[in-house]
Structures are given as C-alpha cells and as structure tokens.
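Q: I would like to learn how to read a few features of a protein model, one at a time. Can we work through them together?

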Amino acid sequence: MIRPGQDFDPTRRRLLGGGVTLGALTLLTGCNVSDHDAVQDALQRVSVWNDRVQAALFGPHRLAPTFPESMAVKDFRYNAWYGPDQAPVLDPKDYRLGLAGRISDKRSWSVDALHALPQVTQVTRHICVEGWSMIGKWTGTPLRVFLERIGADTTARYVGFECADGYYEGIDMPTALHPQTLMAFRLHDALLPHRHGFPFKLRIPTKLGFKNPKFVTTLYVTDKEPRGYWPDRGYNWFSGL
Ligand SMILES: Nc1nc2c(c(=O)[nH]1)N[C@H]1C(S)=C(S)[C@@H](COP(=O)(O)O)O[C@H]1N2
Ligand SMILES: [Mo]
C-alpha cells in the first residue's frame, strides 16, 4: 500500500503489476532497461497498446464469475490510500449526486431518490492490485438503468466519476452498460457502510478494485477519456477483463 508522502515509482509498479519481467521488456522493446526514460516510454506504449486491445476484446457477454451467497464475506476489507477513520462520512440529508456532461436531465439525486431505483443483487469477487481479493454481496441499481433514467447519451465514449475524498475514475461506455456494473447501495444486505462508499460505490466486477469508485458525488458522460487516480500514478487505465 502506498501511503501519502511515501516514495512511488510508477515504473517499478507497472513492471510488477503488469507481470512483465525486465528480460521480456528488453526483448519487447529493444531498449536498454537501465535507461529510465526509454523504459518509461516503452512501458507507456505497451500500456496504451494493452488498453486498446483489452477494450476491443471487452463485450457485454463477457461476465465476471458469480458465487453462491454462502461464499460472501460479511466483514469486508476496507481499502483506500488513507485509513478507514478518515473515510468521508456523507450525510444523507445533504447528499446530492451531481450530473454533468452529455445527459439530458441533469437534476441532482438525493439518497432517497437513488434508493427508489430498481435493484439487483450480485455475489462477485473484488480484486485489488495490491494482492488481496474478497467475495462480497452487493445490492444496487445497474448503472445502465440509471443512465437511461437520466437521459445519458450512451453513444458517448465514457462515464466519469468524482468522489468525496478527491478520488476520480472513469470507465468506457461498454463497461458502464455492462449488466454486472452496479451503483451498489448495500453490502451484505446492510446499507453500505461509510468507509465502503456510502451512499454508493460503483461495483464493477469486470474491473480491478481501484476502478470501483466509492462515495461518488458527481457522474459525467463524455467523449474525452476521464483520468483515474491510480492510472495517473502508473496503472493501466483499462484494468479489467
Ligand atoms: N473514493 C475512493 N474510491 C476508491 C478508493 C479510494 O481510495 N477512494 N480505493 C479503491 C481501491 S484501490 C479499492 S481496492 C476499493 C476498496 O473498496 P472497499 O473499501 O469497499 O473494499 O475501493 C476503490 N475505490
Ligand atoms: Mo485496490
């Protein structure tokens, strides 16, 4: 886990995270791996290539595995780049989800209005790049249903999210419309605890954990690739199935 203020080397991270060995990288890129800038540049190109190929392979019929409810963990692990005590506590009285970009009805949404949306339950595995995974049971509204409700232009390329803690992420439209992509309001039947993202967390089982933004405060629809908190620090933007 990288803590604020700790040294962070995206080259090393990407090498380890991507499972690319120095030897393989030398073969792939033909560059001298002791040359930091050349490696950086090559990794950038490999990474962009990966994103494109992965996005092309992705489809709505590619489902993440689901599990029996008995396998879902009750005491779900917390993660963020700060401790659980510092996680934002949003007051349902004041909370409004703001909407922006290519959406025809940009009125903001209260927690009650969100909770009135139709909901489904999924038991899926959350996988964090830091080396842990956990099966959880989440209940919420398919993002597709919400996007249709607000008149989002689903021919746009991306959906972006901004969060109460300054975190930000974005997904491509096929992922946003994927049947397993949920605005999750509940974890193991209980209202989503604050540290896990109250009032909601994007639950995207076809993506790594960091592409599951919590305590979302703004949702926007755009043709410009949204930045991501960890992708800005060296992880692959696509990071999914
Ligand atoms: N707003 C926000 N969302 C976030 C993060 C964060 O720091 N802030 N961390 C991400 C990472 S790296 C993980 S693994 C999951 C952890 O979610 P959990 O606390 O519900 O297990 O949230 C993701 N979403
Ligand atoms: Mo993570």
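Q: Is serine 239 buried or exposed?
A: The model is a predicted one. Residues count as buried under 20% relative accessible area. Serine 239 has 9%, so this residue is buried. Serine 239 lies in the segment after E9. Its phi is positive, about 35°, although serine 239 is not a glycine.

Q: Which value does phi take in histidine 188?
A: Phi of histidine 188 is near 50°, again a positive value in a residue other than glycine. Histidine 188 sits in the loop between E6 and E7. The cut-off for burial is 20%, and histidine 188 has a relative accessible area of 19%, so histidine 188 is counted as buried.

Q: What is the sense of the peptide bond from phenylalanine 198 to proline 199, cis or trans?
A: Omega is the angle to read here. For this bond omega is near 5°, and the bond is cis. Proline 199 belongs to the loop between strand E7 (190–191) and strand E8 (201–203).

Q: How many helices and strands are there in the protein?
A: The protein has six helices and nine strands. Its 241 residues include 46% that count as buried. The exposed surface comes to about 11,900 Å², with 53% of it supplied by carbon and sulfur atoms. For contacts between residues at least 6 apart in sequence, 69% join residues at least 24 apart.

Q: In what order do the four strands of the open sheet lie?
A: The order is E1-E9-E4-E5, and the pairing is mixed. Strand E1 (98–101) and E5 stand at the edges; each has a single partner strand, so one side of each has no neighbour in the sheet. From one strand to the next, the twist averages 20°.

Q: Which sense does each pairing take, parallel or antiparallel, for E1 with E9 and for E4 with E9?
A: E1 and E9 are parallel, paired over four bridges. E4 and E9 run antiparallel and are joined by six bridges. Glycine 101 has valine 221 in E9 as its bridge partner, and leucine 99 stands opposite leucine 219 in E9. Phenylalanine 161 also stands opposite leucine 219.

Q: Which residues touch the most other members of the largest nonpolar core?
A: The general idea comes before the case. In soluble globular proteins, nonpolar side chains tend to be buried together. Here the largest nonpolar core has 42 residues, and those touching the most other members are Leu97, Leu114, Leu143, Phe146, Leu147 and Leu219. Elements that give two or more residues to this core include helix H4 (111–115), helix H5 (143–149), strand E4 (158–163) and strand E9 (216–222). A second, separate core has eight residues, among them Trp132, Met134, Ala184 and Leu187.

Q: What does leucine 143 contact, leaving aside its neighbours within four places in sequence?
A: Leucine 143 is in contact with Phe161, Ile171, Ala176, Thr181, Leu182, Met183, Leu202 and Leu219, with those neighbours left aside.

Q: Where is phenylalanine 146 placed, and is phenylalanine 146 buried or exposed?
A: Phenylalanine 146 is in helix H5. Its relative accessibility is 0%, so phenylalanine 146 counts as buried. Beyond residues up to four places away in sequence, phenylalanine 146 touches Leu97, Leu99, Trp109, Leu114, Leu117, Thr141, Met183 and Leu219.

Q: Where does lysine 106 lie, and what is its relative accessible area?
A: Lysine 106 is in the loop between E1 and H4. With a relative accessible area of 42%, lysine 106 is partly exposed. Leaving aside neighbours within four places in sequence, lysine 106 is in contact with Leu99, Ala100 and Gly101. The C-alpha atoms of lysine 106 and glycine 151, 45 residues apart along the chain, are 8.7 Å from each other.

Q: How many disulfides does the structure hold?
A: A disulfide is a covalent bond between the sulfur atoms of two cysteines. The structure holds zero disulfides. Cysteine 128 is buried at 8% relative accessible area, and cysteine 163 is buried at 8%.

Notes:
Residues are numbered from 1 along each chain as its sequence is written. Chains are lettered from A and ligands numbered from 1 in the order in which they are written. This is a predicted model: local features need pLDDT of at least 70, side-chain atom pairs count only at pLDDT 80 or more; totals for chains, interfaces and linings use all residues. Side-chain values use heavy atoms; hydrogens and water are left out. A nonpolar core is a set of buried Ala, Val, Leu, Ile, Met, Phe, Trp, Tyr and Cys residues joined through side-chain atoms within 4.5 Å. Buried means under 20% relative accessible area, exposed over 50%, partly exposed in between (1.4 Å probe, protein chains only). Contact means heavy atoms within 4.5 Å. Two strands pair if DSSP finds at least two bridges between them. Axes are lines fitted to C-alpha atoms, for helices over the stretch in contact, and angles run from 0 to 180 degrees between N-to-C directions. A disulfide is a pair of cysteine sulfur atoms within 2.5 Å. Accessible areas come from the Shrake-Rupley method with a 1.4 Å probe; for residues, only the protein chains shown count as cover.
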